[in-house]
Amino acid sequence: MRASLLKIAICIGFFFATIPVFAQDANELFNTATGFIRSGDYSNAILVLNQAITMEPDNTQYKKQLGFAYWLQGDMSKAKSTIEPLLNKKDADAQLYQIAGNIYQAKQEWKTAQKLYEKGLKRFPESGELYNDNGQLLMFLKIYEGGMANWLKGIEKDPSFPGNYYNACRAYSYVKDPSWIIIYGEIFVNLESYTERTAEVRTMLIDAYKKLYNDPTLMTQALADLENERKSKKTSASEFADAYKASMGKQTSVVMTGIDPESLVMVRTRFLLDWFNFSGVKFPYALFDYQRNLLKEGLFDAYTQWIFGPVSNQSAFKAWTNMHKAEYDAFLQYQRTHPLKVRPDEYYNDNRFSLAR
């Protein structure tokens with residue numbers, strides 16, 4: 001959470017490129033302070049920000065950055081007294097509520113923090129960051145369904161923010177059905193590709209495929225449910241998940257000798273062919289379109305290796321990339337120029353899921 005906020009604070013500096021010339025000196029001080037925060041020199045950041053605020057005492061962004069610097073330094077009393085007066089200002093933003101919530105959590109004022117997140121979400125209902133932080137707090141308070149609901153709502157409202165996918169995957173590891181780990185986990189590793197969390201989710205992904213195919217009743221039940229839903233001609237919240245599992249169930253013979261990157265290439269290729277024959281029109285989904293595009297480009301093998309190879313067998317992955325260097329380099333180039341872009345109108349929630357620990 002600290003690292004996420006630090007990235008946000010650094011990015012705030014771009015906002016001030018449009019400040020008028022007469023405020024340029026204060027803007028330069030703000031940018032200097034941001035550099036100190038980036039390097040971990042919070043005392044100097046606080047000193048410089050106070051100078052900027054002296055020049056522009058009504059600047060909410062400067063004060064927000066000062067409160068954030070106090071939080072990073074560990075001075076929660078000053079952080080709180082700096083941030084609290086800003087919350088009701090017209091130019092308050094979602095990041096301000098996020099910082100304030102983390103200050104209250106650091107002071108162990110859990111209920112105040114939770115109420116603040118809820119207030120912030122009323123003002124900024126599209127903020128993935130606030131849903132993410134509120135969900136984490138609710139989980140800490142053992143309000144598990146509430147926490148999960150926030151992460152899923154964050155995915156719906158702000159589908160390009162990776163944190164909610166990450167936390168939803170971790171939560172889904174406590175339920176029987178791993179299909180949403182497979183779906184959300186792959187989206188996450190595309191949105192956040194090179195962090196410690198990426199390695200964690202890659203492991204969760206390959207384990208989820210094993211869990212899915214170790215329990216064939218998940219897929220046979222999904223097929224039965226799907227047939228009933230189609231006979232009734234009523235679209236349910238769970239139909240997308242049932243269609244997904246039913247299609248995956250048709251690929252069981254491919255994994256008879258185990259789950260590894262090579263077998264997953266076959267499973268996922270056959271799934272795509274089946275999906276776009278039977279469900280792709282009714283349930284458009286950016287992830288599956290992205291997979292199909294990679295398949296058409298001849299890069300799907302390399303993409304699947306990129307996801308699963310490092311956690312399946314590192315030496316085998318290294319050998320594969322050495323033997324297929326041109327193909328793997330072509331995939332990496334394609335990934336840089338054609339990243340996965342999730343679409344805001346493609347949210348399918350399976351309301352049968354409940355979290356139990």
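Analyst: Here's a term for later: contact means heavy atoms within 4.5 Å. This is a predicted model, so local features need pLDDT of at least 70 and side-chain atom pairs count only at pLDDT 80 or more, while totals for chains, interfaces and linings use all residues. Residues are numbered from 1 along each chain as its sequence is written, and side-chain values use heavy atoms, with hydrogens and water left out.

User: Thanks! How many helices and strands does the protein have?

Analyst: There are 19 helices and zero strands. Both are DSSP runs numbered from the N terminus: helices are H or I with at least four residues, strands are E with at least two.

User: And what share of the residues is buried?

Analyst: Of the 357 residues, 52% count as buried. Buried means under 20% relative accessible area, exposed over 50%, and partly exposed in between, using a 1.4 Å probe and protein chains only.

User: Let's zoom in. Which residues of α16 are buried?

Analyst: Ala 286, Leu 287, Phe 288, Asp 289, Tyr 290, Gln 291 and Leu 294.

User: What covers them?

Analyst: The cover includes α11 (179-191), α14, α15, α17 (300-312) and α19 (325-337). Just after α16, Gly 298 takes a positive phi of about 75°.

User: You mentioned α11 and α14. At what angle do their axes cross?

Analyst: Roughly 95°, and the axes come within 10 Å. That makes α11 roughly perpendicular to α14. The axes are lines fitted to C-alpha atoms, for helices over the stretch in contact, with angles from 0 to 180 degrees between N-to-C directions. Angles under 35 degrees count as roughly parallel, over 145 as roughly antiparallel, 65 to 115 as roughly perpendicular and the rest as oblique.

User: Which residues meet there?

Analyst: From α11, Ser 179, Trp 180, Ile 182 and Ile 183 meet Phe 240, Ala 241, Tyr 244 and Lys 245 of α14.

User: Switching topic: how many salt bridges are there?

Analyst: A search of the whole structure turns up 13. A salt bridge here is a side-chain nitrogen of Lys or Arg within 4 Å of a carboxyl oxygen of Asp or Glu.

User: Why would such side chains pair?

Analyst: Side chains of opposite charge can pair when their charged atoms come close.

User: Got it. Where does Lys 282 find its partner?

Analyst: Lys 282 bridges to Glu 239, with the closest N and O atoms 2.9 Å apart. Lys 282 sits in the loop between α15 (261-278) and α16 (286-296) and Glu 239 in helix α14 (residues 239-249), so the pair ties together parts 43 residues apart in sequence.

User: Is Glu 239 buried or exposed?

Analyst: Glu 239 is buried at 1% relative accessible area, whereas Lys 282 is partly exposed at 45%.

User: What about Glu 156, which partner does it have?

Analyst: Glu 156 pairs with Lys 153, the closest N and O atoms being 3.1 Å apart. They are three residues apart in helix α9 (residues 144-157), so about one helical turn separates them. Glu 156 is partly exposed, at 28% relative accessible area, and Lys 153 is partly exposed too, at 32%.

User: Last one: which residues form the nonpolar patch on the surface?

Analyst: Phe 140, Leu 141 and Ile 143, with about 270 Å² of accessible area together. Accessible areas come from the Shrake-Rupley method with a 1.4 Å probe; for residues, only the protein chains shown count as cover. Patches use residues with over 30% relative accessible area and no salt bridge: like charges are joined within 9 Å, nonpolar side chains (Val, Leu, Ile, Met, Phe, Trp, Tyr) within 5 Å. Leu 141 lies in the loop between α8 (128-140) and α9.
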